[in-house]
Amino acid sequence: MQAIRKVVSGGQPSVLLQNEVLSLGDEQRRALLKEAGISDEIKIGPAEVLAIKVGLAIPWNKIRILRRWLKASNISLACEERMRHASRKAVGENLKGELAPFSFSLPSGGEEFRGAPLVFIPDLILKVVELLEENDRAGRLTWHNGVIPASEIWIKLGGDKGGGTFKMNFQIINVAAPNSVNNTCVFCCFEADDSYTNLHIALERYKEQVEHLQRMTWRSLHSIHTHHQKYLASGGVRKTAQQFYNCICEPIFDIPTEQICPPGLHITMGIFTKLFELFEDFCHSLNLELGFYHTEVDQSRYSLYSQELQRLHQYKVELQEAKQSESVLQQLATYMAVLIGESNPLTADLLHQSANTSKIVKQLETKIAASTAVVTREFPLNEGPFVKELDMALQSIGVHRQQYFGGTFVGNHVHKTLKLPNINTLCSAICKLAESSLPQKSEMVATRTMIF
């Protein structure tokens, strides 16, 4: 048969055989291979599947789903045990997980310690060096046209709380896209609040390692330590913290302030949210002033509303300050209890102050609930036409607030809304509504909107 193939194919029997197999239908081809004891199953090894998992950021449970789905197409993924073995081999001993004692706030006030998952890389320096060597071998290191001095490597440390976990990571800045997710290495992760106490519990192990990484370009943090000591010497009163540049705690890592990257996204989101709430309040005030809720707004009710609104704003300011004080006192009390014990007079005093502040918080929350009921009874915020028009304008530029998070914004919303054409869209929407519904007052509305 092979000789015949050789003659018929003109000396290329393998090509003829390939064409014969390809001429068969899929089912016939599978049946033929099965009869011959040859499997047409595609097998993907543990290293390759692990690379897919890491590259696509797929968790283990999704890999299991993918394995079942691909099996129907005769594609076999390596078993999970072999994948985990390959993962351990790649990571080595430089990854650990444990249940660690973290501090949690109690609904009734105060805090308690209980075990929570903590996963971390013990040797941060080794991991940094490994990634530097990997980037160097791949030719990815850059000094950004002299922005970074030729004799320096810059490493950025950062942390973020989200989805119930706090994640501490580092990024090598000497690459083309330093903020890319592919250049972000999480070296510590725990399921608890990012309180000062919990950060100390999780990150204290890295203090000396970070200091070691800093030695090449080390500068003193004398100013932060000095302001913190002055704050403590003044009595450590939370209301006076601004006088000491808010240095209410010792820094966890001795990183020079000139090397600290401000969290630009979080700062921008905070400022934007505050400004947008003011703009929303302005639209609400237009609804009230122009009488959209009633044919004629009852002046006595409007007077009551205005007084209650002022009280509500004051309560909110006081609540914010009280919650900040409560958080700081609880964290300091917990931290001191670990260091010097609960029976120490200083710890006992902090616990007493914390309990009193918690009572104030509850009282203010009760007042805010009652005041909000009065404010929204006659003049609900979301029903007036100007507020509705503002929300429709937001949606027209592709911004949909997360209703399940209290109507909050995400980072992409901020970037979109702050573009000049979109700012004009929001403002012009209010002006156009005034022109169509209240032409006699449209000029006043336009002037106030543009000033705002």
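**Cysteines, cores and packing**

Modeller: Let us begin with cysteine 79, which is partly exposed because its relative accessible area is 36%. Please keep in mind that the model is a predicted one.

Colleague: How many disulfides does the model contain?

Modeller: A disulfide is a covalent bond between the sulfur atoms of two cysteines. Here the count comes to zero. Cysteine 283 takes part in no disulfide, and the nearest cysteine sulfur, which belongs to cysteine 427, is 8.8 Å away.

Colleague: Is cysteine 283 buried or exposed?

Modeller: Cysteine 283 has a relative accessible area of 0% and is therefore buried.

Colleague: What should I know of the protein as a whole before looking at its interior?

Modeller: The protein has 17 helices and seven strands. Of its 452 residues, 32% count as buried. Among contacts between residues at least 6 apart in sequence, 59% join residues at least 24 apart.

Colleague: Which residues have the most contacts inside the largest nonpolar core?

Modeller: In soluble globular proteins, nonpolar side chains tend to be buried together. In this model the largest nonpolar core has 30 residues, and those with the most contacts inside it are Phe102, Cys188, Leu203 and Tyr206. At least two residues of this core come from each of β3 (96–105), β4 (111–120), α7, β6 (165–172), β7 (184–190) and α8 (196–203). There is also a second, separate core of 22 residues, which includes Phe279, Phe386, Val414 and Val445.

Colleague: What is cysteine 188 in contact with, leaving aside its neighbours within four places in sequence?

Modeller: With those neighbours left aside, the contacts of cysteine 188 include Leu118, Val119 and Phe120, as well as Phe166, Lys167 and Met168. Ala202, Leu203 and Tyr206 are also in contact with cysteine 188.

Colleague: How is the packing of two helices to be read, for example that of α7 and α9?

Modeller: One considers the angle, the separation and the residues that meet. Helix α7 (residues 124–137) and helix α9 (residues 207–214) pack at an angle of about 40°, and their axes are 9 Å apart. The two helices are therefore oblique to each other. Leu124, Ile125 and Val128 in α7 meet Gln209, Val210, His212 and Leu213 in α9. The residues of this contact comprise five nonpolar, two polar and no charged.

Colleague: Where does serine 371 lie, and is serine 371 buried or exposed?

Modeller: Serine 371 lies in helix α13 (residues 345–378). Its relative accessibility is 1%, so serine 371 counts as buried. Leaving aside neighbours within four places in sequence, serine 371 is in contact with Glu308, Leu312 and Tyr315.

Colleague: Which contacts does isoleucine 44 have beyond its neighbours within four places in sequence?

Modeller: Isoleucine 44 has its place in strand β1 (residues 42–44). With those neighbours left aside, isoleucine 44 is in contact with Val49, Ile75, Ser76, Leu77 and Ala78. The C-alpha atoms of isoleucine 44 and leucine 77 are separated by 5.0 Å, although the two residues are 33 residues apart along the chain. Isoleucine 44 has a relative accessible area of 25% and is therefore partly exposed.

Colleague: What does aspartate 160 touch, not counting residues up to four places away in sequence?

Modeller: Aspartate 160, in strand β5 (residues 155–162), touches Thr165, Phe166, Lys167 and His266 when those residues are not counted. At 34% relative accessibility, aspartate 160 counts as partly exposed.

Technical notes. Residues are numbered from 1 along each chain as its sequence is written. This is a predicted model: local features need pLDDT of at least 70, side-chain atom pairs count only at pLDDT 80 or more; totals for chains, interfaces and linings use all residues. Side-chain values use heavy atoms; hydrogens and water are left out. Axes are lines fitted to C-alpha atoms, for helices over the stretch in contact, and angles run from 0 to 180 degrees between N-to-C directions. Helices (H or I, at least four residues) and strands (E, at least two) are DSSP runs, numbered from the N terminus. Angles under 35 degrees count as roughly parallel, over 145 as roughly antiparallel, 65 to 115 as roughly perpendicular and the rest as oblique. Contact means heavy atoms within 4.5 Å. Ala, Val, Leu, Ile, Met, Phe, Trp, Tyr, Cys and Pro count as nonpolar, Asp, Glu, Lys and Arg as charged, and the others, Gly among them, as polar. Buried means under 20% relative accessible area, exposed over 50%, partly exposed in between (1.4 Å probe, protein chains only). A disulfide is a pair of cysteine sulfur atoms within 2.5 Å. A nonpolar core is a set of buried Ala, Val, Leu, Ile, Met, Phe, Trp, Tyr and Cys residues joined through side-chain atoms within 4.5 Å.
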